[in-house]
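Let's take a friendly walk through this protein together. Have the sequence and the model side by side as you read.

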Amino acid sequence: MIRPILIYGDPALHQLALEVTVFDKQLEQLVQDLFDTMDKAPGVGLAAPQIGVGLRVFVYSYPDDDDNPRRGVVINPALTHSPIEAGPADDELESEGCLSFPGERFALKRSESVIVEGVDLENKPVRIEAEGWFARVFQHEFDHLNGIIYVDRLDFESRKEAFEVMKHLGWGKPGVSWLPGTDNLED
């Protein structure tokens, strides 16, 4: 089922998500809803808090350079990353978007490589090493589980611009969301 995606300012997006302790049909349905919603948006990742569920779960779908699918779920993830290069973010190469800040993109420095470890729907270990944009996807989704939206990490000028956009669009408050496939918004 496609679910509404919360927009920046809703309290659910700014809270630490809880560890998953029960692996049942309800969790399976949540993961399917995350995939359905992400695909319809369309996006390359979606975390449970973005649809108002405060659990440490995210899905991703990011094909490699040969168009091979890299798609899955990570539950209760831990993330380690390489150091972030110093200097300003490149507006072209490091421009990032978010389904909870739809239609806008801002440059943000991220680590070039990460290791994500967690479990899958069967509570079996998952370990993924990622580089480049695939690493960025994991950092972005992991942040959501910690109540951080990428806009929170922007430099002062970009963050100021983002907040002006938010004010103009009526975001930045509880209860604002959009429904992929219905609302005319893009990531």
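In which strand is Ser61 found? Ser61 belongs to strand 3, which covers residues 57–61. Helices (H or I, at least four residues) and strands (E, at least two) are DSSP runs, numbered from the N terminus. Before going further, please note that this is a predicted model, in which local features need pLDDT of at least 70, side-chain atom pairs count only at pLDDT 80 or more, and totals for chains, interfaces and linings use all residues. Residues are numbered from 1 along each chain as its sequence is written, and side-chain values use heavy atoms, with hydrogens and water left out.

Let's stay with Ser61 for a moment. Contact here means heavy atoms within 4.5 Å. If you set aside neighbours within four places in sequence, Ser61 is in contact with Met38, Gly43, Val44, Arg70 and Arg71. With Arg71 there is also a side-chain polar contact of 3.1 Å. A polar contact is a pair of N or O atoms within 3.5 Å; within protein, one must be able to donate a hydrogen and the other to accept it, and residues adjacent in sequence count only if both atoms are side-chain atoms. Val73 is twelve residues from Ser61 along the chain, and their C-alpha atoms are 9.1 Å apart.

Now zoom out to the whole chain. Three helices and nine strands make up its secondary structure, and they follow the order β-α-β-β-β-β-β-β-β-α-α-β along the sequence. The C-alpha trace spans about 45 × 35 × 30 Å along its principal axes. The radius of gyration is 16 Å, which agrees with the value near 16 Å that a compact globule of 187 residues would have; this radius is taken over C-alpha atoms, and the globule rule is 2.2 Å times the number of residues to the power 0.38. Among contacts with a separation of 6 or more, 68% are between residues 24 or more positions apart.

What share of the 187 residues is buried? The answer is 47%, where buried means under 20% relative accessible area, exposed over 50%, and partly exposed in between (1.4 Å probe, protein chains only).

A few backbone details deserve a look. The peptide bond from Ala41 to Pro42 is cis, with omega near -15°, and Pro42 sits in the loop between helix 1 (25–40) and strand 2 (45–47). Asn76, in strand 4 (residues 71–81), has a positive phi of about 50° although it is not a glycine. Asn123 also has a positive phi, near 65°, but its place is the loop between strand 7 (113–119) and strand 8 (125–131). Is each of these asparagines buried or partly exposed? Asn76 counts as buried because its relative accessibility is 18%, while Asn123 is partly exposed at 43%.

Our last stop is Arg110, in the loop between strand 6 (101–107) and strand 7. Arg110 is buried because its relative accessible area is 9%. Its side chain makes a polar contact of 2.8 Å with that of Glu96 and another of 2.9 Å with that of Asp143. Not counting residues up to four places away in sequence, Arg110 touches several residues, including Ile84, Arg136, His140 and Tyr150.
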